Amino acid sequence: MELSGLGDFSGSDRRTPTLPRTPRTGDTNRTPHDIMILQIEHQTLYRYREPVRFNAHRLLIRPLEGHDCQVRASELSIEPANRVRWLNDVFGNSVALVEFSEPASLLSVLSRVTIEQFNVNPFDFVLETHAAKMPFAYGPQESTEVEPYCRPLFPQDAAVVREWIRPFLAPKGSTNTLDFLTAVNRSVPLFFSYTPREEPGVQTPAQTLKTRSGSCRDFALLMMEAARLQGLATRFVSGYLCQNGTVPTQVADGATHAWMEVYLPGAGWKGFDPTCGILAADFHVRVAVTRDPAQAVPVAGSYVGKPRD
């Protein structure tokens with residue numbers, strides 16, 4: 001999460017998003033229809049030495065709803081006194097715009113949601129025939145819309161990314177689309193080290209490849225760029241990964257998570273989590289989808305105060 005300021009943060013600042021780890025009784029349960037109920041609590045705290053004045057803040061913390069996920073209950077508590085307006089951004093994300101009416105030395109954002117998750121089988125799709133092999137062209141009804149999602153964000157890193165994915169491509173002719181995506185997705189946890197980072201922003205693909213380490217958002221960006229260089233439309237996903245005993249504890253340990261989605265004809269947007277080497281499914285909860293990771297900051301805003309506040 002990122003908060004930009006007109007003064008420096010003090011060493012007492014804390015950012016503590018939380019969500020259920022190992023599902024407890026009442027947190028998750030499967031029904032005869034394979035529905036999963038998840039309860040998520042996400043808290044962000046910023047502390048300052050002296051009261052500061054907060055400018056407007058932008059929050060991306062409400063899960064995306066659709067046929068695969070529905071919000072059953074939600075609660076948003078923010079301090080200090082404020083006014084909240086909701087809108088849908090250009091990507092269809094739910095955005096809370098917060099305007100504060102008084103200065104304070106503590107900024108607290110607490111979100112509690114209960115969701116009903118239907119995406120329990122990530123393999124429940126069938127690709128259109130022409131998309132089974134790469135390269136392929138998107139159809140006339142899709143090409144205009146997906147074109148911005150096919151443009152690499154770091155074209156200067158194209159050479160090193162192409163070299164990295166070369167073993168995953170057929171030496172001649174076409175490559176099986178799902179085989180390529182699955183191989184890239186699974187290779188990251190095998191050959192890269194996961195390193196959580198609180199600093200805002202993402203590493204460039206070249207940096208991630210050089211250090212062979214990164215955070216979940218770095219790995220999501222790397223796979224996005226790899227797929228875009230093959231003509232595939234991709235987008236960045238910010239959300240939650242609830243601990244279910246099958247993913248590394250440190251990845252789902254009380255923090256937001258990031259992965260990527262690829263638009264595949266016949267399947268739509270399909271989620272791939274290169275940090276864990278799995279497809280996004282029932283324990284992945286989307287909060288925001290964007291073309292660029294910089295557009296998916298969960299909590300963003302600024303404050304006015306004395307230096308060192």
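Colleague: Why is Ser187 called buried?

Modeller: In this predicted model, Ser187 has a relative accessible area of 5%. Buried means under 20%, so Ser187 counts as buried. Ser187 sits in helix α3.

Colleague: Which residues does Ser187 touch, leaving out those up to four places away in sequence?

Modeller: They are Trp164, Phe168 and Phe192. A contact here is a pair of heavy atoms within 4.5 Å.

Colleague: Trp164 brings us to helix α2. What makes the buried residues of α2 lie on the same side?

Modeller: The buried residues in α2, which spans 158-165, are Ala158, Val161, Trp164 and Ile165. They cover an arc of only 125 degrees around the axis, and that puts them on the same side of α2.

Colleague: What covers the buried residues of α2?

Modeller: The cover includes α3 (177-191), α4 (205-211) and α5 (216-228).

Colleague: Which residues have the most contacts inside the largest nonpolar core?

Modeller: Tyr138, Trp164, Leu181, Leu232 and Met260 do, in a core of 42 residues. At least two residues each come from α1 (143-150), α2, α3, α5, β11 (233-241) and β12 (257-264). Helix α5 gives the largest share of this core, eight residues.

Colleague: And what does Leu232 touch?

Modeller: Beyond residues up to four places away in sequence, Leu232 touches Met134, Phe136, Tyr138, Tyr149, Cys150, Leu181, Ala227 and Val262. There is also a second, separate core of 30 residues, with Phe54, Val71, Ala104 and Tyr240 among them.

Colleague: Let's turn to charges. How do you know that Glu41 forms a salt bridge with Arg112?

Modeller: The closest N and O atoms of Glu41 and Arg112 are 3.0 Å apart. The cut-off is within 4 Å, so the pair counts as a salt bridge. Glu41 lies in strand β1 (residues 36-54) and Arg112 in strand β6 (residues 104-117), so the pair ties together parts that are 71 residues apart in sequence. Glu41, Glu75 and Arg112 are linked in a network of salt bridges.

Colleague: Why are Glu41 and Arg112 called partly exposed?

Modeller: Relative accessibility is 31% for Glu41 and 35% for Arg112. Partly exposed is the range between the 20% limit for buried and the 50% limit for exposed, so Glu41 and Arg112 both get that label.

Colleague: What about Glu116 and Arg72, how far from N to O is their salt bridge?

Modeller: It is 2.4 Å from N to O. This pair also links distant parts of the chain, with Glu116 in strand β6 and Arg72 in strand β3 (residues 69-79), 44 residues apart. Glu116 has 13% relative accessibility, so Glu116 counts as buried, whereas Arg72 at 48% counts as partly exposed.

Colleague: Is Glu261 buried or exposed?

Modeller: Glu261 is buried, because its relative accessibility is 4% and the limit is under 20%. The side chain of Glu261 meets that of Arg286 in a salt bridge of 3.3 Å, N to O. Glu261 is in strand β12 and Arg286 in strand β15 (residues 284-290), 25 residues apart. The count of salt bridges comes to eleven.

Note on methods:
Residues numbered from 1 in each chain as written. Predicted model: local features only at pLDDT ≥ 70, side-chain atom pairs only at ≥ 80, totals over all residues. Heavy atoms only, no water. Buried < 20%, exposed > 50% of the residue type's maximum accessible area, 1.4 Å probe, protein only. Helix = DSSP H or I, 4+ residues; strand = E, 2+ residues; numbered from the N terminus. Arc of directions from axis to C-beta. Core = buried A, V, L, I, M, F, W, Y, C linked by side-chain atoms within 4.5 Å.
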